[in-house]
Amino acid sequence: MIVSKKLALSTRGNSDTVNITPAVERAIVEADLASGVVTLFVVGSTAALTTIEYEDGAVSDLGRVLEKIVPRQAEYEHHLRWGDDNGHSHVRAALLGPSLSVPFVGGRLTLGTWQQIILIDFDTRPRQREVVAQIIGE
Amino acid sequence: MIVSKKLALSTRGNSDTVNITPAVERAIVEADLASGVVTLFVVGSTAALTTIEYEDGAVSDLGRVLEKIVPRQAEYEHHLRWGDDNGHSHVRAALLGPSLSVPFVGGRLTLGTWQQIILIDFDTRPRQREVVAQIIGE
Amino acid sequence: MIVSKKLALSTRGNSDTVNITPAVERAIVEADLASGVVTLFVVGSTAALTTIEYEDGAVSDLGRVLEKIVPRQAEYEHHLRWGDDNGHSHVRAALLGPSLSVPFVGGRLTLGTWQQIILIDFDTRPRQREVVAQIIGE
């Protein structure tokens with residue numbers, strides 16, 4: 001059985017990192033399935049999904065490492081071609097990836113105690129984001 | 001219901017980046033399913049899948065960042081052991097990952113307008129690549 | 001049809017890299033399904049899953065690159081807040097990601113000949129790890 005949900009999120013951009021675990025848990029409860037997989041997919045090419053221990057320190061550390069390896073202030077071809085300022089956003093999003101698949105068993109996500117699902121919005125301005133939660137289960 | 005497709009692709013290697021979105025869309029149309037998830041998986045350990053805005057600038061920016069963090073010209077243990085020249089290809093492929101799961105709803109992939117599915121072939125020579133598209137839907 | 005398996009693994013931590021392909025293959029055989037997808041998910045926020053050619057050289061190269069871009073000896077906010085020593089572990093795990101989806105066809109994973117599924121434990125001590133293998137197939 002397949003249940004489609006859309007999670008709507010407001011972000012502030014600039015690596016704003018949102019804990020979407022409660023929204024995903026709610027989607028699983030509403031789908032009323034015992035066991036399966038939720039495939040999460042963020043629509044757009046300047047945001048990404050992963051998991052982390054959602055506390056300010058670890059979130060800040062991840063942001064700092066990404067700033068080091070893909071700095072915001074650098075030359076990007078994407079800027080030269082399109083007059084944009086978010087070349088780093090595209091590269092960071094492609095590195096982390098837009099999709100995440102999380103099993104659920106007994107109606108609960110199989111996350112660790114200190115493991116949360118996050119959306120990072122790398123764009124340079126606030127955005128309305130959509131995360132598709134496609135739930136396949138029984 | 002499960003439908004298996006194989007996408008065959010010729011690449012030029014050396015971070016050749018191919019937009020496989022049209023091939024994936026065709027697979028979804030042929031499967032004739034309304035809603036579900038397509039799991040894409042590239043066979044082999046020197047290529048990867050992700051999404052990006054598929055335009056020359058952003059593609060080039062991603063390649064340049066990967067060259068900076070995983071340079072082609074460097075010492076790799078893989079070379080010393082096997083006489084290969086593609087140590088960087090293995091590392092880049094492992095970092096980005098071989099699989100991507102994309103929901104479809106109403107027979108259409110839930111991609112953003114400027115978001116395309118790409119295969120990057122990090123190997124140092126042209127290759128024939130196979131991407132498995134496993135479609136689970138109803 | 002959905003079959004849930006749990007793979008229990010002992011790791012030594014410190015980027016210990018375990019080839020879990022045999023365990024995943026065994027789970028597929030036990031599930032006795034012909035075609036589908038196995039979604040693998042590592043429970044916890046300091047380990048990750050990907051694929052690589054599992055030989056000492058390539059594994060060592062990946063570890064060295066991760067040490068370069070996310071060094072163990074550096075300042076992490078996570079340390080300051082929690083007195084931990086594994087800030088790098090959290091960042092590396094978030095970069096690589098906790099989930100991997102691998103199709104199987106004819107009862108076999110669609111891996112390349114030189115492509116293995118690995119668990120990397122980035123934590124700074126030995127751990128008992130659990131990887132959930134959620135098998136959806138027919």
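This note goes through a predicted model, point by point, from the arrangement of its chains to single residues.

1. Symmetry of the copies. Two copies of the chain are related in general by a rotation about an axis and a shift along it. In this model, chain B can be laid on chain A by a turn of 120° and a shift of 0.0 Å along the axis, with an RMSD of 0.0 Å; that is the relation of a three-fold axis. For chain C, a rotation of 120° with 0.0 Å of shift along its axis likewise gives superposition on chain A, at an RMSD of 0.0 Å.

2. The contact between chains A and B. Chain B puts 31 residues into this contact and chain A puts in 27 residues. On the side of chain B that touches chain A, at least two residues come from each of strand S3 (36–42), strand S4 (47–52), helix H2 (56–69), strand S5 (99–105) and strand S8 (127–137) of chain B, and H2(B) gives the most, with eight residues. Sorted by class, this side of chain B has 14 nonpolar, twelve polar and five charged residues.

3. The contact between chains A and C. Here 27 residues come from chain C and 31 residues from chain A. The side of chain C that touches chain A draws at least two residues from each of strand S1 (2–11), strand S3 (36–42), helix H3 (77–82), helix H4 (87–96), strand S5 (99–105) and strand S8 (127–137) of chain C. The residues on this side of chain C divide into 14 nonpolar, eleven polar and two charged.

4. Which surfaces meet. Only 13% of the interface residues of chain B are also interface residues in chain A, so the copies meet through different surfaces.

5. An open sheet of five strands runs in the order S1-S8-S3-S5-S6 in chain B, with antiparallel pairing. Strand S1 (2–11) and strand S6 (108–109) of chain B stand at the edges with a single partner strand each, so one side of each is left without a neighbour in the sheet. Further in, S3(B) and S5(B) pair in the antiparallel sense over six bridges, and B:Gly36 stands opposite B:Phe104 in S5(B).

6. Strand S5 of chain A. Six of the seven residues of strand S5 (residues 99–105) of chain A are buried, so this strand is largely enclosed by the rest of the structure. Strand S3 (residues 36–42) of chain A is joined to S5(A) by six bridges in an antiparallel arrangement, in which A:Val38 has A:Val102 as its bridge partner. S5(A) is also joined, by two bridges and again antiparallel, to strand S6 (residues 108–109) of chain A, where A:Val105 stands opposite A:Arg108. S5(A) and S6(A) form a hairpin with two residues between them, and A:Gly106 in the turn has a positive phi of about 60°.

7. The nonpolar core. The largest nonpolar core has 120 residues, and those with the most contacts inside it are A:Val38, A:Leu40, B:Val38, B:Leu40, C:Val38 and C:Leu40. Leaving aside neighbours within four places in sequence, the contacts of C:Val38 are C:Val24, C:Ala27, C:Ile28, C:Val102, C:Phe104, C:Ala133 and C:Ile135.

8. Helix H1 of chain A. In helix H1 (residues 21–31) of chain A the buried residues are A:Val24, A:Ala27, A:Ile28 and A:Ala31; seen down the axis of H1(A), they fall within an arc of 100°, so they line one face of the helix. They pack against strand S1 (2–11), S3, S5, S6, strand S7 (116–121) and strand S8 (127–137) of chain A. On the other side of H1(A), A:Pro22, A:Val29 and A:Glu30 are exposed. The helix H1(A) is followed by A:Asp32, whose phi is positive, near 60°.

9. A buried glutamine. A:Gln134 lies in strand S8 of chain A and counts as buried, because A:Gln134 has 27 C-beta neighbours inside 10 Å. The C-alpha atoms of A:Gln134 and A:Thr39 are separated by 5.1 Å, although these residues are 95 residues apart along the chain. Leaving aside neighbours within four places in sequence, A:Gln134 is in contact with A:Ile2, A:Ser4 and A:Thr39, and also with B:Val37 and B:Pro103.

Note on methods:
Residues numbered from 1 in each chain as written. Chains lettered and ligands numbered in written order. Predicted model: local features only at pLDDT ≥ 70, side-chain atom pairs only at ≥ 80, totals over all residues. Contact = placed C-beta atoms within 7 Å. Helix = DSSP H or I, 4+ residues; strand = E, 2+ residues; numbered from the N terminus. Nonpolar A, V, L, I, M, F, W, Y, C, P; charged D, E, K, R; others polar. Least-squares fit on C-alpha atoms with pLDDT ≥ 70 in both. Buried ≥ 20, exposed ≤ 12 C-beta atoms within 10 Å, placed from the backbone. Pairing = 2+ DSSP bridges. Core = buried A, V, L, I, M, F, W, Y, C linked by C-beta atoms within 7 Å. Arc of directions from axis to C-beta.
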